[in-house]
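Please walk through the model below with its side-chain contacts in mind, taking the domains, the nonpolar cores, the rings and the charged pairs in turn.

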Amino acid sequence: MTGKDKDYRYMATSDLLNELNKEGFKADADLELKLSNIILQQLDDVAGDVSGLAVKCLAPLVKKVGEPRVVEMTNKLCDKLLNGKDQNRDIASIALKTIIAEITTPSLAQAILTSLSPQLRRGITGPGTSTEIKCECLDILCDVLHKFGNLMATEHETLLNALLSQLSSNQASVRKKTVSCIASLSSSLSDDLLAKTTIEVVRNLGSKGTKSDLIRTNIQMIGALSRAVGYRFGPHLEDTVPVLINYCTTASENDEELREYSLQALESFLLRCPRDISSYCDEILHLALDESANEYTDDEDASWKVRRAAAKCLAALIVSRPEMQCKLPRWLLKQEVPKIVKSINRQLREKSIKTKVGAFSVLKELVVVLPDCLADHIGTLIPGIEKALNDKSSTSNLKIEALIFTRLVLASHSPSVFHPYVKVKAALSSPVLSVVGERYYKVTAEALRVCGELVRVVRPNLEGSGFDFTPYVHPLYNAIMSRLTNQDQDQEVKECAISCMGLVISTFGDNLGAELPACLPVLVDRMGNEITRLTAVKAFAVIAASPLRIDLSCVLEHVIAELTGFLRKANRALRQATLGTLNSLIVAYGDKIGPSAYEIIIVELSTLISDSDLHMTALALELCCTLMADKRSSRNVSSAVRNRVLPQALTLIKSSLLQGQALLALQNFFAALVYSANTSFDVLLESLLSSAKPSPQSGGVAKQALHSIAQCVAVLCLAAGDQKCSSTVKMLADILKADGTTNSAKQHLALLCLGEIGRRKDLSSHANIETIIIESFQSPFEEIKSAASYALGNIAVGNLSKYLPFILDQIDNQQKKQYLLLHSLKEVIVRQSVDKAEFQDSSVEIILKLLFNHCESEEEGVRNVVAECLGKIALIEPVRLIPALKVRTTSPAAFTRATVVIAVKYSIVERPEKIDEIIYPEIASFLMLIKDQDRHVRRAAVLALSTFAHNKPNLIKGLLPELLPLLYDQTIVKQELIRTVDLGPFKHTVDDGLELRKAAFECVDTLLDSCLDQVNPSSFIVPYLKSGLDDHYDVKMPCHLILSKLADKCQSAVLAVLDSLVDPLQKTINFKPKQDAVKQEVDRNEDMIRSALRAIASLNRISGGDCSLKFKNLMSEISKSPTLWDKYYSIRNE
């Protein structure tokens, strides 16, 4: 290794490196000394590759020799760095960094820091030290502080003073490295020293006569501090933010760097201290908007960096304070559209392809955000589109971007906007049609999609729009046909050509009589290909739905045969599309399709009817009804339906999953069966009623199935005519008159059937039907009582003038049956609100009087039904109800106040209603009861707020700034609501505020989904969410959900207080139930732990979470506990 030949030295050093890297290598004291000396010697080797290998030897050597030897090597290297020759300084610096990177034991770290720190400090501050030495020392110190800053607490102040003095150095490189060094140190500084650093930097900024480059350094220092210490910088914002904003606004035009650094620092504050910076957000918003909107030239200036920093600042503002987004309204952008278009037209004339692609991307985003904003600028943009599509120098990428933009703009603007430009030399259509023939498949596919939009533009409606579309029919048809017939092309192109041809035929079919025999067989042929058949099936659906009644005689039989075969295929999407297309074809062309084809279709579709796929079932039943509705259907078709479809339908009706469209289709199917000849009503009715009988194998029928059967019975009776309906009602009434204690299932169904029939038909001709039903209120079975109340309400819907007074009279006179009778009244009101019917004024008056009288009922169940009734009447008669409810918000009776607020809750449904505009000005009267003295009223207001947030968030957004602090207040444990109940041998604590706290947190959870832009998470997490995480089981669960959502949507706000959230989570996952705990308690605790771990998993996904030492320790604790780790692992992978 000491030979004269450099190759020998190189090979020897390489061999030494290999030896040091071996697992079993050990060195005694003598060998250690020799090794360390020789490697240090090799570092000075004149051959660079030898000294480079020597540096690599240091990494394994540090682990193989004793601590004193490493300290000695470090001292020698430090001496070389400070006092050695210039040519050896670089390698000494690299060697020191290598050793520091390899130190892992605290004792060695401490020993090295003790000797190294004073030397580095001397190298940085010593008088006469060269700039190069200072920079190297600062580099090494930065590494040391980053890795071992927390072990140097005693030296922090000395180091800090040394470093702060360097911020005013004349050398820019020294200042830049000092900024990094102080930032590395700051993450382990105490709060006092961090404050000292900030004060010093702000003082430097504030002193007059400070040079501009020093100002820039100090602003960079503030940004670096904030990025290093995160939320700990919060308390210093009031000293720093005004200074930065001031510099930004007063900086000279040419000082871009100063403005850029200031904006970068503000961006860091927004992301890391969202809570403390909230009071400055408006100022920062205006500043960032001004900076990003500044005029600029195309010259090579540095102003783009300022605009980039301003844009990032705006992004940080929206991330940390989503509610600020509403202060960036779209009209700001709309006002800029003419400027943007002018600028983009200039860019589209540039030679650079990249620039043009970027220009089209901007236009694309503009159309997505403001769909109709380019209506006045189409004429100026068309030359740019033409050039992009026709120019020989255009790349595929540019053509694709231009085509996507053209498609979006055609789809989002009114067709009439484009008509002037389509006329002028076919300005729009020619370039698009020319690229349909491109070789690259992605360009062709996109061009075909544009053709689809062009078809809609040139003939927006078939009645005629005053625009002559005929010149474009054949050019469009020919371009698409050439692609449709070409077999050798990509699947995407084939699919686009098929869809586009479907559109062309359905829109221009009356002008393509001669062409149809040529193109329709091609589409049929594509149905035979597995890759394109789904698209072809959908294309025929479009053609069949066309009002032009396209002549399909040349292919119809073949199409029906292919489609029928597809009903057997495994591909669900294909079966679904086939059912829809068959339906459209039979509606439009039933007279040209033979009954034999119908029979085959019925056999195939019968296999698709089951509750495992209700959407498919609904489509199959709809098709079946279409087939039966055709007057030419033969006896064989009816017979096929009875033998194949009816058994499936009777099985389906027993399913507890049956609902929505499938249930509606099933009802229509039974009605269609009665209407079609050859099907006996009595047999059908018997089949339906029998399906409700309990079977030995499956036991009783589900409650939902009984409702489905009752609805089908009602539809069946109405379809069969008055006589059959009347005899059925009589038969059902007879079942009720029989002994009610025996066959409850039969009675249950009879009541539901009467209700469903009575809702659809007036039953007043059946004497005393109401008293027969009310007898069932005495039944010992709860479901019979409930069904009777449902039946009575629905019969009243059929004849309000007769039965409504009866129900109201009973409510007043039958105290014991009040709850059930109110439910009957609720059925009447709900049905009226669904059917949009109008009550008679006198009826409403009587109902309201009765309901308001029962607002103060002691029974919560009665109050709830009263509230629901009032809410549903409010949907029908909002002008009358809202003032009546509002007056009662000041009632002296707490139960009345609570009931009217719950009534408002029931009146807020997802769909738009006329009540919305009437209640909007009055919402505050109801929701401000969240301040009420009574907890029941407060809870009612919280529940109402939840419903508003879920169904109609826009109605309450304006009130949230006032409501949120009051809502947060409901999440706090209130000692006055906790009481002790003496149960003799032991005392039991009852927390009356628990339900209210749970409701409040659940309300916040809903608000995070619908009104995140209004919620400032920083003011909620501490103290409210933090206390909820340490509350009762019922409160913790929603809190864990909220924390997971916040971790996902508002990361910076959570990160800022992560330390304080660790303790309650740690307590929850480590909680052990008592030895004598019952199984229910153990299971609840398990659920609780899993819920907390789910929140922890969300927190662990936040980037930057490793800033919190407490959270790192929590994760380490979880990983060391096998039971917790198993649960955490399974949750993380959910």
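The paragraphs that follow go from the overall division of the chain to individual side-chain pairs.

This is a predicted model, in which local features need pLDDT of at least 70 and side-chain atom pairs count only at pLDDT 80 or more, whereas totals for chains, interfaces and linings use all residues. Residues are numbered from 1 along each chain as its sequence is written, and side-chain values use heavy atoms, with hydrogens and water left out.

The domain assignment, with bounds that come from an automatic or database source, gives domain 1 (203-321), domain 2 (723-837), domain 3 (838-1015) and domain 4 (1021-1133). Between domain 1 and domain 3, the C-alpha centres are 45 Å apart.

In soluble globular proteins, nonpolar side chains tend to be buried together. A nonpolar core is here a set of buried Ala, Val, Leu, Ile, Met, Phe, Trp, Tyr and Cys residues joined through side-chain atoms within 4.5 Å, where buried means under 20% relative accessible area, exposed over 50% and partly exposed in between, with a 1.4 Å probe and protein chains only. The largest such core has 290 residues, of which Leu-374, Leu-605, Phe-669, Phe-670 and Leu-825 touch the most other members. Apart from this core lies another of 105 residues, including Val-55, Met-73, Leu-96 and Phe-269.

Phe-269 also takes part in one of the 11 aromatic pairs of the structure, a pair being two rings of Phe, Tyr or Trp (its six-membered ring) with centres within 6.5 Å, counted as stacked if the planes are under 30 degrees apart, edge-to-face if over 60 and tilted otherwise. The ring centres of Phe-233 and Phe-269 are 5.4 Å apart and the planes stand at 15 degrees, so this pair is stacked. Phe-233 sits in the loop between α11 (212-229) and α12 (237-250), while Phe-269 belongs to helix α13 (residues 256-272), so that the pair links parts of the chain 36 residues apart; helices are DSSP runs of H or I with at least four residues, numbered from the N terminus. Phe-233 is buried at 0% relative accessibility, and Phe-269 is likewise buried at 0%. Phe-233 is also among the residues touched by Thr-198, together with Leu-225, His-236 and Thr-240, if residues up to four places away in sequence are not counted and contact means heavy atoms within 4.5 Å. Thr-198 itself lies in helix α10 (residues 191-206) and is buried, with a relative accessible area of 3%.

Side chains of opposite charge can pair when their charged atoms come close. The structure holds 57 salt bridges, each a side-chain nitrogen of Lys or Arg within 4 Å of a carboxyl oxygen of Asp or Glu. One of them joins Glu-401 to Lys-364, with the closest N and O atoms 3.0 Å apart; Glu-401 lies in helix α19 (residues 396-412) and Lys-364 in helix α17 (residues 353-369), so the bridge ties together parts 37 residues apart in sequence. Both Glu-401 and Lys-364 are buried. Another bridge joins Glu-446 to Arg-407 at 2.7 Å between the closest N and O atoms, linking helix α22 (residues 441-458) with helix α19 across 39 residues. Here Glu-446 is buried at 7% relative accessibility, whereas Arg-407 is partly exposed at 25%.

Definitions and conventions:
Helix = DSSP H or I, 4+ residues; strand = E, 2+ residues; numbered from the N terminus.
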